[in-house]
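Colleague: Could you show me how to read a pocket and a sheet in a model like this one?

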Amino acid sequence: MEAAMDLMRRMPPGSTETALNALLSLLPDHSLDLLSQVDLRLQVCMDKENNKEYILCEYNRDTDSYRSPWSNIYEPPLEDGTVPSEEMRNLEVEANEVFSVYRDQYYEGGISSVYIWEDEDESFIACFLIKKDGQGKRSYMQIGSWDAIHVIQVGPEEEGAAHYCLNSTVMLSLTTDNKQSGTFNLSGSIRRQVIHSFLFISTEGAM
């Protein structure tokens, strides 16, 4: 299994889905591990009710349907699909609006989606997604894509301290075709994890 994951980390993002399907056929007993640890290039769908695009991933999926962060509705329709609580849903709506502004200003376009839900141990998890595809509007790039997945898990407060774990994956691919720069294909992915704790400082009694 470790060798298979090491192989997947070296695959170009455009070939990851094909390689993953092949590994699932060869290693059916490790399907859950493979599906949870291998990140695929992000896909996009249109929220017809709000006329806004949103990103598909494992974190807004229930069976074969995907929940829109804009309408909170599954497509294809799913009557008993899992949805966040009212508190988490309000936070999700606000996060999508804020993250959309950040994405537009920092990435100058693209698509973003944020999904937030509760975990079983009174913590919550948030997934921040950005996808941007481009064609040679700048420099020598002919075509390229940027897919970023950031998943943060915030644990319950314990003895005045909060704990969080952040997993980030970025997948990049680009192609150039220019007399000055030459022609080449560049693709790859990187995955990092950060675990951190911080203390709450009480201001009671402070002057």
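**Pocket and sheet**

Colleague: What is the volume of the largest pocket?

Modeller: Rolling a probe the size of a water molecule over the atoms shows where empty space is left. Here the largest pocket has a volume of about 850 Å³, where a pocket is an open set of points on a 1 Å grid over the protein atoms alone, where a 1.4 Å probe fits, with protein on both sides within 12 Å along at least five of seven lines, and the volume is the space filled by probe spheres set on the points, joined across faces, edges and corners. The model is predicted, with local features needing pLDDT of at least 70 and side-chain atom pairs 80 or more, whereas totals for chains, interfaces and linings use all residues. Residues are numbered from 1 along each chain, and side-chain values use heavy atoms, without hydrogens or water.

Colleague: In what order do the strands of the open sheet of three lie?

Modeller: The order is E3-E4-E5, with antiparallel pairing, and strands pair if DSSP finds at least two bridges between them. Two bridges join E3 to strand E4 (residues 65-67), and Asp-62 stands opposite Ser-65 in E4. Strand E3 (61-62) and strand E5 (74-75) each have a single partner strand, so one side of each is left without a neighbour in the sheet.

Methods
On a 1 Å grid over the protein atoms alone, a cavity is a set of points where a 1.4 Å probe fits but cannot get out, and a pocket is an open set with protein on both sides within 12 Å along at least five of seven lines; lining residues have an atom within 4 Å of a point. Helices (H or I, at least four residues) and strands (E, at least two) are DSSP runs, numbered from the N terminus.
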